[in-house]
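Let's walk through this model together, one question at a time. Please open the sequence and the structure side by side.

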Amino acid sequence: MIAILDYGSGNLRSAQRAFATTGEEVVVTSDRKVAVEARGLVVPGVGAFQSCMAGLVAIDGDSIIRERLSLQRPTLGICVGMQILFESGTEPSRESAGPTPGVGIWSGSVSRMVAPILPHMGWNTVISNPRSTLFAGIAERSFYFVHSFAATRSVGKFQAWGEYGQKFLAAIEDGPISATQFHPEKSGTAGLRLINNWVSSL
Amino acid sequence: MTLSVRIIPCLDVTDGRVVKGINFVDLADAGDPIEMAALYDREGADELTFLDISASSSGRETTLDIVRKCAEEVFIPLTVGGGIRSVADVDQLLRAGADKVSISTAAVQRPDLIAEIADRFGSQVLVLSIDARRANTESGFEVTTHGGRESANIDALDWAQRACALGVGEILLNSMDTDGTRSGYDIGMIRAFRSVTKVPLVASGGAGTLGDFAAALDAGADALLAASVFHFGIHRIGDVKGYLKGAGYSVRESDLS
């Protein structure tokens, strides 16, 4: 069973349907026990770093992710769901000017991209590691991005890099925890293939 | 590694049906929005836009149902516009499966709506649709509302800059002068907006020849929206992409399966 973590963020319905194309049972949940015990946990995320982090903490999501990591259970972060796995994010909000602490699985900060036009919105290709599990069979394909902030320092075992104004981390594979800055659930057949690659690896 | 230009078919929906002159040959039911969305996806559309032009609340409920079904079957980004007046309207659409919403008249009437939506859901969900036409304003372009029927008496470039400061993540620029004419996008208008905005710009209104698409990109558009040329089968999406690729633009290769 795949659990999609519901912490008040984003379009969970299409994520649920996209993961269900693998034939797995998919539930959308904020229940701690279900989320910890699922074979795979997906952490989506749409919106600002700070509000997503606040929503995550409110359902104890940071602790769920850490517990899964300690149990070596697979977790996949998507978009802001990837960003909040880092130490901190600098996405400004009206309430505070300083960086917001993240879950802290990976070191480094997620900061505003340097590009003439933001958000980075649309289909872009990435350079992935040939040994990657996620990108098997889809190394040359495009994926759908929509974000203005990104991580730029290498973390994890395998990285996929994107380029838009600057080089940034488009995906990470790090043992049980993986993440994509793009939206595989919105990336057509290539995205469904990536999702299938992840589910097959569980 | 270059961001691809986006080709976006636009479907006008009322009471559950696609309207505005549809002339597909290979659909069992040419007015079915889900069937059309799936076909455009197969043909390589990079995003889809649904414009809800329903006048009644039952029509709006039907549109929500279409968004739900579409999001369950078509795995590319979906923008929904028409009649959005509040954060609650946006919430409802996002929950139904929309990835982005576009607002127009309501934002002109109450600009704070932009900040309210952006604060709650992030700028990336918010497309500002500007129905602009040439007029005797400072920039030479004015904003219209109610589908181009009324002048808002504000300068279109001023409005774009204000809206960006309030938090819109993208601008859909509809030329009311070229809309439906197939005489080409309004190139001067695209250039003018490009020079003052730093968010992605979607050009709309006037697509006719394949060269029109390239001209809009040269003028600074990041994405190209069209309705009638696709609905009437004048161009297939693959033809537009093939042409643009041949002309040196980065396009997403259409899915093969």
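Q: Which residue of β3(A) is the bridge partner of A:Ile2?
A: Strand β1 (residues 2-5) of chain A and β3(A) run parallel over 3 bridges; strands here are DSSP runs of E with at least two residues, and helices are runs of H or I with at least four, numbered from the N terminus. Two strands count as paired if DSSP finds at least two bridges between them. In β3(A), A:Ile2 is bridged to A:Gly40.

Q: Before we go on, what kind of model is this, and what pLDDT do local features need?
A: Residues are numbered from 1 along each chain as its sequence is written, chains are lettered from A and ligands numbered from 1 in the order written, and side-chain values use heavy atoms, leaving out hydrogens and water. The model is predicted; totals for chains, interfaces and linings use all residues, side-chain atom pairs count only at pLDDT 80 or more, and local features need pLDDT of at least 70.

Q: Which residue of β4(A) is the bridge partner of A:Val43?
A: Strand β3 (residues 40-43) of chain A is covered on both faces, with A:Gly40 and A:Val42 buried on one side and A:Leu41 and A:Val43 buried on the other. Buried means under 20% relative accessible area, exposed over 50% and partly exposed in between, with a 1.4 Å probe and protein chains only. β3(A) is also joined in parallel by 3 bridges to strand β4 (residues 75-78) of chain A. There, A:Val43 is bridged to A:Gly77.

Q: Which residue in β10(A) stands opposite A:Arg112?
A: An open, mixed sheet of 4 strands has the order β6-β5-β7-β10 in chain A. Its edge strands, each pairing on one side only, are β6 (100-101) and β10 (149-150). Strand β7 (residues 106-112) of chain A pairs with β10(A) in the antiparallel sense over 2 bridges. Opposite A:Arg112 stands A:Phe149.

Q: How far apart in space are B:Leu3 and B:Arg252, C-alpha to C-alpha?
A: B:Leu3 sits in the segment before β1 (6-14) of chain B. Beyond four places in sequence, its contacts (heavy atoms within 4.5 Å) include A:His120, A:Trp123, A:Tyr164 and B:Ser250. B:Leu3 and B:Arg252 are 249 residues apart in sequence, yet their C-alpha atoms are separated by 8.8 Å.

Q: Is B:Asp52 buried or exposed?
A: B:Asp52 belongs to strand β3 (residues 48-52) of chain B. Its side chain makes a polar contact with that of B:Arg60 at 2.9 Å and another with that of B:Thr63 at 3.3 Å. A polar contact is a pair of N or O atoms within 3.5 Å; within protein, one must be able to donate a hydrogen and the other to accept it, and residues adjacent in sequence count only if both atoms are side-chain atoms. Because its relative accessibility is 7%, B:Asp52 counts as buried.

Q: What is the C-alpha to C-alpha distance between B:Ala223 and B:Val5?
A: B:Ala223 lies in strand β11 (residues 223-226) of chain B and counts as buried because its relative accessibility is 0%. Leaving aside neighbours within four places in sequence, B:Ala223 is in contact with residues including B:Arg6, B:Ile8 and B:Leu201. B:Ala223 and B:Val5 are 218 residues apart in sequence, and the distance in space is 5.4 Å.

Methods:
Contact = heavy atoms within 4.5 Å.
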